[in-house]
Amino acid sequence: MKIGFIGCGNMASAIMGGLIKNEVFKPEEIIASDSYEESLKRAKEKFGVFVTGDNTECVKLAEVVVLSVKPQYYETVIEEIKDFISVDKLVITIAPGKTLSWLGERFGGRVKIVRTMPNTPALVGEGMTGVCKNEYVTEKDMDYALKILSSFGKAEVVSEAVMNAVVAVSGSSPAYVFMLIEAMADGAVAAGMSREAAYKFAAQAVLGSAKMVLETGKHPGELKDMVCSPAGTTIGAVKVLEEKGFRGAVMDAMEKCVEICRGM
């Protein structure tokens with residue numbers, strides 16, 4: 001079994017790294033195609049995979065094809081490769097906004113399509129990926145796709161109806177979290193902490209807090225209340241965040257994300 005990546009940017013590299021590290025595929029079982037020579041050179045040097053500048057060659061050699069180009073290039077790439085996608089191949093997409101129906105129309109025929117939305121923490125093996133499929137994907141195909149997608153983090157099957165929400169809550173959300181970490185660090189620097197230490201303290205606080213939510217099973221509000229002592233420092237800070245519309249701003253940002261997805 002071989003897997004091919006059309007486009008070998010950051011997300012493709014994250015997936016390749018996870019596949020090799022977890023021995024799902026060997027380097028010689030991975031093919032990468034890209035129009036940029038530098039991207040191919042990096043993939044070959046870093047992972048030892050087979051590279052080509054020809055997308056159709058990548059498709060011909062692989063049983064699983066991952067479309068890892070930007071959404072605006074999907075239509076062009078699909079037009080280029082669709083005649084080489086046989087009924088036994090599995091296509092995995094990672095583009096926001098590109099529905100199973102839209103993809104099926106562009107490919108035509110009985111094409112097995114698994115639509116996914118991963119995120120950039122995949123680069124450090126902590127990705128979160130939402131997954132859905134079309135009617136031609138068998139249970140065995142889906143299990144195999146989940147094995148691939150779990151190699152760089154967690155993967156969960158969802159209804160396609162909530163895929164835009166997946167983009168907002170995990171696909172795009174690392175950017176919100178990075179902004180939070182930066183803002184927390186700026187506040188610590190203003191209070192006298194070094195920049196290097198501030199980023200470390202802020203990032204570890206976010207990491208630890210997320211782990212508490214996942215491992216304790218407690219509601220985030222309950223965990224928040226555990227930190228807020230009467231008349232203490234934390235409840236004072238929470239009051240300011242509420243006054244500044246912290247929750248509303250986050251929800252509005254996610255709403256905008258979903259709106260853009262729907263228009264893609």
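Predicted model: local features only at pLDDT ≥ 70, side-chain atom pairs only at ≥ 80, totals over all residues.

Reader: Which residues make the contact between α4 and α5?

Author: From α4 come Tyr 74, Glu 75, Ile 78 and Ile 81, and from α5 come Trp 102, Leu 103, Arg 106 and Phe 107. Tyr 74 also touches residues that include Leu 67, Val 69 and Lys 98.

Reader: What is the position of the charged end of Lys 98 relative to the ring of Trp 102?

Author: The charged end of Lys 98 sits over that ring, 4.4 Å from its centre. The cut-off for the distance is within 6 Å.

Reader: What makes Phe 25 and Tyr 144 an edge-to-face pair?

Author: Their ring centres are 6.2 Å apart, and rings pair if their centres lie within 6.5 Å. Their planes stand at 65 degrees, and an angle over 60 counts as edge-to-face, so the name applies. The count for the model comes to one aromatic pair.

Reader: Which parts of the chain does this pair link?

Author: The pair links distant parts: Phe 25 is in the loop between α1 (10–21) and β2 (30–33), whereas Tyr 144 is in helix α6 (residues 139–149), 119 residues apart.

Reader: How do you know whether Phe 25 is buried or exposed?

Author: Phe 25 has 2% relative accessibility, and buried means under 20%, so Phe 25 counts as buried. Tyr 144, with a relative accessible area of 22%, is between the limits of 20% and 50% and is therefore partly exposed.

Reader: Why is Glu 23 called exposed?

Author: Its relative accessible area is 71%, and exposed means over 50%, so the term holds. Glu 23 is placed in the loop between α1 and β2. Although Glu 23 is not a glycine, its phi is positive, about 60 degrees.

Reader: What makes Ala 231 exposed?

Author: At 85% relative accessibility, Ala 231 is over the limit of 50% and so counts as exposed. Ala 231 lies in the loop between α10 (220–227) and α11 (233–243), and has a positive phi of about 55 degrees.

Conventions
Residues numbered from 1 in each chain as written. Heavy atoms only, no water. Phe/Tyr/Trp six-rings, centres within 6.5 Å; stacked < 30°, edge-to-face > 60°. Helix = DSSP H or I, 4+ residues; strand = E, 2+ residues; numbered from the N terminus. Buried < 20%, exposed > 50% of the residue type's maximum accessible area, 1.4 Å probe, protein only. Lys NZ or Arg CZ within 6 Å of the ring centre and 35° of its normal. Contact = heavy atoms within 4.5 Å. Lists of a residue's contacts leave out its neighbours within four places in sequence.
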